[in-house]
Amino acid sequence: MIEATGLTKVYGAYRALDRVSFEVRKGEVVGFLGPNGAGKSTTMRILTCYNSASGGSAKVHGYDVFDEPLAVREKIGYLPQRAQMYGEMSVKEYLRFVADVRGIDDASFNKRMRNIVEVCGLGTVLGKDIRQLSHGYRQRVGLGQALIHNPPILILDEPTSDLDPNEKAEVLEYIKEIGKDRTVILSTHNLGEVEESCARAIIISKGRVVADGAIDEVRARGGRVRYQLLVDEKAALRGTAPSNEEVSAALGAIAGVLSVKELPTDDRAHGFTLLGNKSTDLRGEIFKLCVEKGWLLLEMRRDIQKLEDVFKSLTKGDEAADRLRTAAPADEDDEPADEDEDDDVEDEAGEDASDDDDASDDKADSKDED
Amino acid sequence: MSTTLNIAKREFRSYFDSPVAYVVICLSLFGLGGVFFNYNGGFWQANRASLEQLFVQIPRALSWIVIPVVTMRLIAEEKRSGTLEMLITLPVKDSEVILGKFLGAWGLVLVLLGATIVYPALMFGAPWNLGALDSGPVAAGYLGLALYSAAAVAIGLFISALTESQIIAFFVTFVVLFFLHVLGAGAVLSMLPQRAEYVLTFISFDSRLASFMRGLVNTRDVVYFLSITFGSLIGAFWALERRKWN
């Protein structure tokens, strides 16, 4: 359905996209992930024929985005980032306008409207001017206009940015509903959303695709497993309760433990996150250690690395590489490394991937890079 | 074509969704009325059943206020607010966007021009019957105004497509149209050598409009206004296409 081959976009000396290739098959819901300025919006604008690529090609529904832009746009519904619509029009007028431009007749418009009002929850605001709507409702209208012609492909650029958690959850719910019988590609820098609503993820960083596959596959790319445990701080089976350092040192000494990081806890327990390889299960060893020492193990949890960790390690390593590249006397790329071509500036606060309690990035930086 | 008309319709209606259209039309009609009857001795001193004053003043009112106001937001505002991306990613050609916006804005100006027909209708028809009006120059004058306003709106549209700022679009359009008017003024021409005078007269709006006012529809003037219109529309189209490569 969507096929990008070697897409490159150059703004002056700045390379926003560097040979980006991927394919989205019919019926897939794909998350297009990347930090701000990674090139997500640029890619989407090329796919919707708003911008042209400097190199490479892309096909949407079999049509070339450069040669047949109108045919491409007929087949897609597009919701740009922070969708802006004509504020002075009412919701119904706006949808009518979009339908007119798309050449939809009255009968099918009315039929589609019923469906859209239901799916996007627009019933109460149809007569209101768009400028009076809250951000969440505007986003729903944006989704509505993208669906008005019942397109086989939906391209959504950060559909949940700037929404509050309730609105976010709602919009995601709509997307899930819509994605049941459509091909959807949605960009975001919020990983939770991808895990929730997409089956597949493409991670892009600094204009390059750094990972592409089913969510589980991508998640497994880190090749690590995380263990979280709580050890009682006040009591023990035998002797005195252990100190923080004691537990930390003993855990670090177990063969196969890659890192130990303390978790913030209350004064009843010591909490730790351990990182181990996927091939070895450390739970037995940890349990044995606690029994040997006479510690009270309150909780132990093992989970495959979160997508967030993989994302961090992939994109962070890339940034490091990028810094090296700009430090070298290279002839291209004299822009600052964090130059942002698709005006995401206000989203910086939304970079929420950093406050997590994980230990992965300490060691993950230089590994799994490709 | 229907896409173009849909865009034009939306554009035209949007003027009436905000106070812009009402303010512009009312103020222009009041202003014109005042100028027509009082400025420079006004209508009564001339003592002729002629609308010449009207045809001299309308283009100036249009160029110096109305058209810059009407065209400044056409593309600039859409670019700034981001609605352009929504519009262009619908199945529309860039040329249809330009043409639709042009027709929408020109439509509003034509409505305003149409409203000025109230003057001759009231004065020379019922209720005041001020005399027999020579309808030839009036018809030619209105044709000239329609052609002139097409050219001026196209220029405004082109300038609006070059920037993201309505204010810049307003001032640049104002300055360009201002000069296109005053270039042909006698005071300017008398300061210049013969050859320059010829060139300036050739490109001046005022001198082009003069023959229409006298009832003379000259192909050269028609072609002149049409060329400016098409040239500016092509310029605007090119300015809109530019986004693809920037």
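User: Which residue of S9(A) is the bridge partner of A:Val30?

Analyst: In this predicted model, strand S3 (residues 29-33) of chain A pairs with S9(A) in the parallel sense, over four bridges. Within that pairing, the bridge partner of A:Val30 in S9(A) is A:Arg200.

User: Is A:Ile203 of S9(A) buried or exposed, and to which side does it point?

Analyst: In a regular strand, side chains alternate between the two faces of the sheet. In S9(A), A:Arg200, A:Ile202 and A:Ile204 point one way, while A:Ala201, A:Ile203 and A:Ser205 point the other way. Strand S9 (residues 200-205) of chain A is mostly covered, with six of its six residues buried. A:Ile203 therefore points the way of A:Ala201 and A:Ser205, and it is buried.

User: Which residue in the hairpin of S9(A) and S10(A) takes a positive phi?

Analyst: S9(A) is joined to strand S10 (residues 208-214) of chain A by six bridges, and the two run antiparallel; one of the pairs is A:Ala201 with A:Gly213. The hairpin has two residues between the strands, and the residue with a positive phi, near 50°, is A:Lys206.

User: Which residue of S13(A) is the bridge partner of A:Val260?

Analyst: S12(A) is joined by six bridges to strand S13 (residues 269-277) of chain A, and these strands run antiparallel. In S13(A), the partner of A:Val260 is A:Leu274.

User: How many residues apart in sequence are the parts that B:Glu11 and B:Lys101 tie together?

Analyst: The side chains of B:Glu11 and B:Lys101 meet in a salt bridge, at 2.5 Å from N to O. B:Glu11 is buried at 2% relative accessibility, and B:Lys101 is buried at 1%. Because B:Glu11 lies in helix H1 (residues 2-17) of chain B and B:Lys101 in helix H7 (residues 94-115) of chain B, the parts tied together are 90 residues apart.

User: Which residue of chain A belongs to the network that includes B:Lys101?

Analyst: B:Lys101 also forms a salt bridge with B:Glu78, at 2.6 Å from N to O, and B:Glu78 is buried, with a relative accessible area of 4%. Salt bridges that share partners join B:Arg10, B:Glu11, B:Arg73, B:Glu78 and B:Lys101 into one network with A:Glu88.

Notes. Residues numbered from 1 in each chain as written. Chains lettered and ligands numbered in written order. Predicted model: local features only at pLDDT ≥ 70, side-chain atom pairs only at ≥ 80, totals over all residues. Heavy atoms only, no water. Pairing = 2+ DSSP bridges. Buried < 20%, exposed > 50% of the residue type's maximum accessible area, 1.4 Å probe, protein only. Salt bridge = Lys/Arg side-chain N within 4 Å of Asp/Glu carboxyl O.
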